[in-house]
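I opened the file today and kept notes as I went. The entries follow in the order I looked things up.

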Amino acid sequence: MDLPYEVIRSSRRTAIVQVYPGGRIVVRVPERYPQYRIDDLLAFRKTWIARKHAELVNLPTTLVSQPTVTKRYRAYALDLFRLRFDRIIAGAAALDHPYRVDVTALDLPALGYSEGRKPELRIRTMRRRWGSCSAAGIITLNTVLADRSPDLIDYVIAHELCHLRELNHSRRFYDLLTTVMPDWKSRRAILNGRGSELLPER
Ligand SMILES: [Zn+2]
């Protein structure tokens, strides 16, 4: 299996696979369960795991709390997202090491985008996801993401921008995301409430 997974051994009698919001895959097995049987189980459940993973990978590990989103907050969020978005599209963020976002690999001109025709950005308050990208190339960000630090907003934008090329969560999609943003995994972990502290910058 291409996707990373964790094995947790315990006194249980059966083996199961679980996929969590955020994309964590856990195989729970009895104490002395051999690796070849884990491999068999993963191979047998491959389609299900891939489908669940794609469904859950970009969801927060905890439900995004729903503050009352005022008109002013929406305007602030949209301004902030536009700023990050335009900066990433322009490739300016590529210079900003270590939080670099290099969109060269997306080849936006080949997708029909230019300085005058950027991908469309919208905001919406969503319960279970940070962002989405439609087949028509409309990128929607969760309004409450505006409360997170800029490098995390950039991660969600980079993720959605990669969907302009790969509208799925395939290996190719992740390879592309890694090219665009080498440290996306740690950003995702922080965004989803794991890993280290949030960067204090606001
Ligand atoms: Zn996605």
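Where in the chain is the place of Asp107? I found Asp107 in the loop between α3 (71-89) and β4 (120-124). I keep in mind that this is a predicted model.

I looked up the backbone angle next. Asp107 is not a glycine, yet its phi is positive, at about 45 degrees. Most residues other than glycine have a negative phi.

Is Asp107 buried or exposed? I noted 11 C-beta neighbours inside 10 Å for Asp107. The cut-off for exposed is 12 or fewer, so Asp107 counts as exposed.

I then turned to Gln35. The place of Gln35 is in helix α1, which covers residues 35-44. Gln35 has 9 C-beta neighbours inside 10 Å and therefore also counts as exposed.

Last, I looked at the whole chain. I listed six helices and six strands. Read from the N terminus, the order is β-β-β-α-α-α-β-β-β-α-α-α.

What share of the 202 residues is buried? I wrote down 26%. For contacts in the chain between residues at least 6 apart in sequence, I noted that 58% join residues at least 24 apart.

How values were computed:
Residues are numbered from 1 along each chain as its sequence is written. This is a predicted model: local features need pLDDT of at least 70, side-chain atom pairs count only at pLDDT 80 or more; totals for chains, interfaces and linings use all residues. Helices (H or I, at least four residues) and strands (E, at least two) are DSSP runs, numbered from the N terminus. A residue is buried if 20 or more other C-beta atoms lie within 10 Å of its own, exposed if 12 or fewer, and partly exposed in between; C-beta atoms are placed from the backbone. Two residues are in contact if their C-beta atoms, placed from the backbone, lie within 7 Å.
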